[in-house]
Amino acid sequence: MTTATAKAKTTRRRRAVSVRKLIYTILMLAAGLVFLLPFLWMLSTSMKPEVDVFIYPVEWIPKHWQAAENYAKVWSGKANFTLYYWNSIKVSVLTTLLSVVVSAMAAYGFTKIRFPGRNALFFLVLTTYMIPPEATLVPLFVLYRSMGLYDTHTGLILLGGFSVLGTFLLRQFVDGISNDYIESAQIDGAGHRQIFLRILLPLIRPAVATYAILRFIWTWNDYQTPFIFLSDKALYTIQLGMSAFADRNGQFYSLVMAASVSAIVPLLIVFIIGQKQVIEGISFGGVKG
Amino acid sequence: MSQARIPAKTNAASLRTQEGRRRRRREIAAGYVFIGPMLIGILLFTIIPMLMLFLFSLTDWSFLTGYDKLKIVGFHNFSRLLHDQDFGQSLVHNLIMLLAVPIGMALALLLAVIITERVHLSGFFKVIFFMPQISSIVAVAVVWQVLFHPSYGPVNGMLSAIGIDSPPKWLADPHYALPSVMLLMIWIDLGVGLIIYIAGLKNIPRDLYEAADIDGSSAWTKFRKITFPLLTPTSFFLLITGIIANFKAFALIKVLTDGGPAHATSVIVYDMYEQGFVNLKTGYASSMAVVLFLIILFITFLQWMFQRKWVHNG
């Protein structure tokens with residue numbers, strides 16, 4: 001008897017919990033929708049004729065479609081979005097590659113090889129981490145002009161590629177790898193180069209993937225560095241191209257929104273593919289920048 | 001081959017030390033080869049620029065004129081900064097913008113608690129709230145400029161539809177521009193706080209809540225007595241990184257308002273950019289960058305102090 005009533009009580013409570021969970025989910029869906037409204041507005045506006053842009057109440061689903069024309073104007077007009085895309089892909093991919101290689105090597109050197117001065121040098125790397133990149137913009141600009149790196153993609157790639165953040169992130173993972181692997185490889189006569197390439201890199205592949213995706217996203221979305229260090233329009237990344245396009249076509253909101261959608265979509269795809277890594281990477285160190 | 005590496009006991013001691021020394025030298029060389037690229041990068045792109053910055057900050061100079069025109073003026077730039085009203089105003093704007101950090105954190109915490117415990121589709125919500133963070137800041141700024149448009153924008157369209165006669169002009173109004181920028185900052189960074197709080201929540205042992213359930217504690221009590229205190233390190237981390245990011249703010253301001261209207265949204269990095277790259281005053285801009293560096297140094301120092309205290313107490 002008592003057990004029966006207890007059971008009824010728990011099922012009732014469980015049902016109450018699941019109803020409450022459903023209500024919370026619906027409320028959160030509403031909140032999420034409001035949160036995303038700017039993106040939905042952008043998307044819908046990008047597919048409208050200009051005269052319909054400011055109709056109120058907002059026509060979320062355009063009455064007159066003009067998607068093809070708007071996007072064609074953005075992609076084949078004076079602003080060369082194909083070129084901006086290519087520049088962004090080039091800079092982001094090469095920066096990511098360089099940064100991963102440099103960071104993984106340093107992470108290995110700082111944890112698995114013993115040499116005098118190691119701790120002091122690591123401390124030096126640690127201290128430079130707190131120097132904000134914004135503080136060195138002016139002297140770097142002067143230095144870049146005298147080194148011939150100003151207004152080049154190489155200059156951008158080098159700046160992003162030597163970020164110390166990757167060293168910290170990967171060092172945590174390399175540190176967690178047992179020395180036994182390395183010692184037994186050494187007994188077999190392997191040098192550090194072989195150990196690094198054949199043993200270490202495969203072992204820290206998930207961490208490398210996480211860092212690579214984050215670095216790619218940060219480089220792709222970086223506005224500040226190309227803005228300061230590039231001036232030739234032919235070298236513009238998508239961020240600079242987008243901003244120049246908005247300045248020139250400020251009054252054609254439907255076109256500006258089509259350009260915005262074009263600037264966001266590739267990264268959205270990268271993010272959706274790599275969301276697990278991105279979220280892990282962000283929650284790991286709470287890293288950003 | 002491998003036998004040669006393990007000296008037999010009968011070998012002469014000298015032979016052993018010679019072999020050991022050779023191996024030691026190789027080890028040291030390998031160490032420097034592996035950390036070398038990173039060290040060269042830091043030297044070239046951080047340490048040398050930093051030394052140049054300190055030097056430039058003591059000069060009256062424009063990079064266009066060449067090094068022979070460089071004039072050392074001591075701390076003149078810094079005493080000038082003290083009386084520079086525009087810079088003072090920008091510093092005040094940075095300080096006001098700090099308010100956005102705790103507000104954003106509170107929102108992120110609220111959403112994190114709901115998403116971790118109370119909803120279906122939690123992975124989906126993480127992606128939604130993270131979207132502004134992965135979007136191009138230029139595109140985001142352009143969209144909000146139009147949404148906030150004083151006369152045609154949908155935001156004011158909605159406000160006048162519900163009967164507000166003279167809605168604020170948002171980014172075009174000196175009084176509302178800074179709060180509008182802060183609103184946008186909260187919107188952009190919410191996803192980061194959310195994800196870090198969710199990770200923090202997952203680290204809280206479940207049995208604490210179970211024990212509280214047995215005691216019959218309410219949800220609010222559990223939040224106050226368990227969740228919030230145990231998340232202190234996470235909150236502190238978010239607070240510090242939020243404050244630092246705030247002082248470094250530039251890109252959003254540049255594309256959204258260009259410091260305007262009437263200097264209402266200028267910040268210290270924006271002033272530095274204007275002096276260094278528009279007015280071409282390399283020396284003066286450098287002194288502003290030194291101030292930025294000192295502020296961040298101070299915040300990092302505070303963080304270090306507090307963390308040490310925690311390690312000792314906890």
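Mentor: Start with Trp220(A), which is buried, at a relative accessible area of 3%. Buried means under 20%, exposed over 50%, and partly exposed in between (1.4 Å probe, protein chains only). This is a predicted model: local features need pLDDT of at least 70, side-chain atom pairs need 80 or more, and totals for chains, interfaces and linings use all residues. Residues count from 1 along each chain as its sequence is written, chains are lettered from A and ligands numbered from 1 in the order written, and side-chain values use heavy atoms, without hydrogens and water.

Now the pairs. Over all chains there are 46 aromatic pairs. Rings of Phe, Tyr and Trp (its six-membered ring) pair if their centres lie within 6.5 Å; planes under 30 degrees apart are stacked, over 60 edge-to-face, the rest tilted. Trp220(A) pairs with Tyr85(A): the ring centres are 5.9 Å apart and the planes meet at 80°, so this pair is edge-to-face. Tyr85(A) sits in helix α3 (residues 81-112) and Trp220(A) in helix α10 (residues 205-221), 135 residues apart. Helices are DSSP runs (H or I, at least four residues), as are strands (E, at least two), numbered from the N terminus. Tyr85(A) is buried too, at 15% relative accessibility.

Next, Phe122(A) and Phe168(A). Their ring centres lie 5.9 Å apart with planes at 90°, so they are edge-to-face. Phe122(A) belongs to helix α4 (residues 118-129), Phe168(A) to helix α7 (residues 165-175), and 46 residues separate them. Both are buried.

Last, a cluster. One aromatic cluster includes Phe141(A), Tyr150(A), Phe63(B) and Tyr270(B).
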